[in-house]
Amino acid sequence: MADPFESYDDLEDIDDRLHAADPGERRVAIIALGHSGDPAAVAHLDRMTSDPDPGVRQQVALALGEFDGPEAAAALVKVLIDPEQAVANAAADSMAELKDPGCADAILPLVGHAHAFVRMASLRALKELRRKDTLKPALDALRDADAAVRVQAIGVIGFLKMEESIPALTAVTSDADAHVRRAAVSALAFSHMKPAAESITRALADTDWMVREVAAETLGTNANGMHAADALINALADEFWQVRLKAARSLGKMKVARAVAAIGSCISHPQANLRKEAAAALGEIADPGGRKFLEPVLDDPDPEVRKNARWAMQQIVSRKGALG
Amino acid sequence: MPLASYQTSVPVVVDDAKCIADKGCTVCVDVCPLDVLRISDMTGKAFMAYDECWYCMPCEADCPTGAVTVNIPYLLR
Amino acid sequence: MAMDEIVDGLSEVSCDVLVIGGGTAGPMAALKAKLKNPKANVVLLEKANVKRSGAISMGMDGLNNAVIPGYATPEQYTKEITIANDGIVDQKAVYKYAERCYGIIEELDSFGIRFLKNENGDYAVKKVHHIGTYVLPMPNGETVKKAIYRQLRRARILISNRYMATRLLTGSDGRIAGAISVNTRTAEILVIKAKAVILCMGAAGRLGLPTSGYMFGTYENAANSGDGYAMAYHAGAALANLECFQINPLIKDYNGPACAYVAGPFGAFTANNEGARFIECDYWSGQMMLEFYNELQSGKGPVFLKLDHLHEDTISEIETTLHKVERPTRGLFHEGRNTDYRQEPIEMHISEIGFCSGHSASGVFVDDFARTTVPGLYAAGDMASVPHNYMLGAFTNGSVAGEDAMEYADNTDFAKFDAADIEKERERVLAPTRREDGIPPNQIEYKARRLVNDYLQPPKVTRKFELGQRRLGEVREDMETRMIARNAHELLRALETQSIVDCADMAAHASLYRTESRWGLYHLRTDYPEKDNENWFCHSLLSKKDGRMTSEKRAVEPYIVPIGEDEKDLYDKQRVRASA
Ligand SMILES: Cc1cc2nc3c(=O)[nH]c(=O)nc-3n(C[C@H](O)[C@H](O)[C@H](O)COP(=O)(O)OP(=O)(O)OC[C@H]3O[C@@H](n4cnc5c(N)ncnc54)[C@H](O)[C@@H]3O)c2cc1C
Ligand code: SF4
Ligand code: SF4
């Protein structure tokens, strides 16, 4: 009977198979290399990055995804710049799984590559590695001509959470591309400095509703969000209910008592999701002024609205009790 | 009691022109959780041998040449 | 050699810790056991292939129950699970999970598994309701298995793919001694002697029959045929609260989750035919399923997942996750029917019944170290009794089991067992291959599962259950005397059928034992429609004693997180209807 266990000797006769004339056979050998999990496989894979057959190179890019560390990263760099897009895509996916900070050395030079896709993918991979020396190239990449590259550059900067990057991030909150603005606004969340909160606040007036939504949400988590309470109250009249919903949630979280009336005015909105969030926010604030807005929705047709309204009433009652 | 065979149209289709099972690939057969794919002795290519599919996709996702297509089994389409 | 031809053969190996089932809990258990003692032998036995087996074969789109500092506390979580499970919870194990799961998330992250992070690299936990925040999406979750498999290879765990475990071996002193398995492509027998065994064989997902009639179109991975439940039973371990069935809300016919957890934070919700919300319950529970069931039965059904009120851009974002991870054929299914989330809501239905602790509370009884009632035998994941633990629970409790099992193995020797047990099991396993003529497994399985639907599906009626037991007895008779398998693959299905029939018997027995209604739809008995806390505020434990199926009560362990009187019946209070 054959050995019942999966083999750990996949590399034994691998050299012959990697040199097979048929690309299909080479592909199968590369699958075995990836499967082996043996770090010694990386050197073989690295050599195969220059295989003439694109299918083989794609397989190499995939197989490299099974490994971490500077050697794997160096090999992935070679397939990320492959002329075949399918090969490059596979390499980009594998690269995004790297965790060893040592990988950054191999990837960093690609941030200046001629192809936007390569720049985007290398920044995306660098993000998870969180290495301080990636800040400078990422800051430069904020001026990249390609929006997808700028979005990933924001990620690299945002993951590092360094206050010195706030001016640069602030600058991209007025980028021409809405995706970039969205990313920039949420990357500012960590900052304890006032200018960051001010930039997020300005984004409440963005032309794109999704940027406004992110801004409303982010202010709820930012250390200086409180200073934006009035702007958030204005956002409760946004033409998109999605924006109002996040504004209500943030104001609730921050327990802004003067927002009660404006939140209350959302409670008759036809969109149940907004009514629910408004009721919950009134509960978090627990100001007696919320009562008159909550009463009409205590028997709202939507169970989530009813439940949150009831909970909110309880919060108001118990807080009143606590105050004597 | 005698047995009769029963016709069923299987959900998973393999493109023989793309399949490299004849070069030694067995990836789809290896990964299928229901173990319903096999390599044909006749064609040397992969095929669905048993109509017992969870339409879960590993066979299609992991095939190195994009030869596999998973369809929704007819009864629930 | 012809395809799946039966080969005569038997071999034996031994190891310190044997893990059976390489889905979610199993790989983690094996990894942790090995890391605890790198010199020890750890075997991971899997019916399919560890690379792509189990519930998460194509990844998952999110964690449903992540207890992340700053968003929820272990106390809060324990309380919620206690309430969601109508109080029948040994809190220690739940609390332990809640304390440890964040560490496991960080570990999974270090393996290269990608959770949703915000632009500052922090986990982007999503709020679903005001009570607690537990949802962490994984839009790139398709790499979960790959990442775990990589760790197993790195630790050089011994992996046996395509071996189906059939029975456990126990020593004369009652300790676990190992397991017997059969190769699913050759029918060769492999005996694995072990000092400790961890069962991670997932839910009993092939118990009920999906309404489509397609036997493998189940909610659960269809390879999870309840073998773990059957094996634990035959080894004498106790199984807890099996009457607390698993039933899930699903996309009709497709029978996969519609993923309210993914779409919910974006504003999607479950609605009736008026487009209105109707679910009162805050937690995924039997109570929620009862509300779902009632709505389906009322004039307000069918039930839908409603997204058409969301913005086009939001829907696109949801789609990229739903159609790539977990059940990626979802998109293909909708395409085939020309349903577009933007235009119309998605019709939903409820699933077939099964056993599963991952989603409800029916599993092999375990304590907070994942120990079963058989010394040296552990269980984790969907098949172990820690309620509502989902994917992260499988990982976390798998890791608890792995560590404790290795410690046990390090301090013990192999249990001595009767060699005749092996021969007996070999004959039982191969019996369907020895017959010239008979009934194929697919027909027996279909009939058993059709009977499960007809007689055992809630609402539960005593008279129906008794009839069901009789019919299932007839099927068992056919299965034991006439079932035929002509090749190794058919033998795999034949053996699965035996687990299915065992589970059906257990489902009936356990349901009749608990003479009250509890857990909403999961155990709704029309003859005993009320909850009876006086007599039934307890676990029910089913086990094999002197060759017979028996049930007994077991007290719920004193709570470590107290539940206030006013919170106990939270559900009943939540059911405040709109005044007409
Ligand atoms: C469709 C679906 C969607 C889900 N969505 C989510 C979600 O979004 N978030 C979340 O947190 N949870 C989710 N869950 C739940 C979660 O996936 C499970 O709780 C968890 O993965 C269970 O892990 P497990 O190890 O117990 O079982 P599994 O991962 O199913 O593993 C069981 C393994 O045992 C093997 N096996 C079975 N019988 C035998 C035998 N006789 N011999 C050897 N091996 C055997 C099987 O092949 C399988 O590999 C979902 C589940 C499903 C099915
Ligand atoms: S994985 Fe693809 S190439 Fe390989 S055997 Fe299957 S169909 Fe053929
Ligand atoms: S879809 Fe899943 S069950 Fe069906 S053949 Fe492919 S891997 Fe197997």
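**Ligand surroundings in a predicted model**

An oxygen atom of ligand 1 sits 3.5 Å from a polar backbone atom of C:Tyr390. Taken alone, ligand 1 exposes 1,000 Å², and the protein buries 99% of that. The model is predicted.

**Ligand 1: shell**

- Ligand 1 is surrounded by 36 residues, and the closest are C:Thr24, C:Glu46, C:Gly62, C:Asp227 and C:Asp382.

**Ligand 1: polar contacts and elements**

- C:Asp227, one of the closest residues, places a polar side-chain atom 2.7 Å from a nitrogen atom of ligand 1.
- A polar backbone atom of C:Gly54 is 3.3 Å from an oxygen atom of ligand 1.
- In chain C, β6 (163-170) and α10 (390-410) are the elements that give two or more residues to the shell around ligand 1.

**Ligand 2**

- Around ligand 2 there are 13 residues, the closest being B:Cys19, B:Ile20, B:Cys25, B:Cys28 and B:Cys63.
- The shell around ligand 2 holds 12 nonpolar residues, one polar residue and no charged residue.

**Ligand 3**

- Around ligand 3 there are 14 residues, and B:Cys32, B:Cys53, B:Trp54, B:Cys56 and B:Cys59 are the closest.
- The shell around ligand 3 consists of 14 nonpolar residues, with no polar and no charged ones.

**Charged residues in the shells**

Conventions
Residues numbered from 1 in each chain as written. Chains lettered and ligands numbered in written order. Predicted model: local features only at pLDDT ≥ 70, side-chain atom pairs only at ≥ 80, totals over all residues. Heavy atoms only, no water. Near = heavy atom within 4 Å. Nonpolar A, V, L, I, M, F, W, Y, C, P; charged D, E, K, R; others polar. Polar contact = N/O pair within 3.5 Å; in protein donor to acceptor, adjacent residues only side chain to side chain. Areas by Shrake-Rupley, 256 points an atom, 1.4 Å probe, with all protein chains shown as cover. Helix = DSSP H or I, 4+ residues; strand = E, 2+ residues; numbered from the N terminus.
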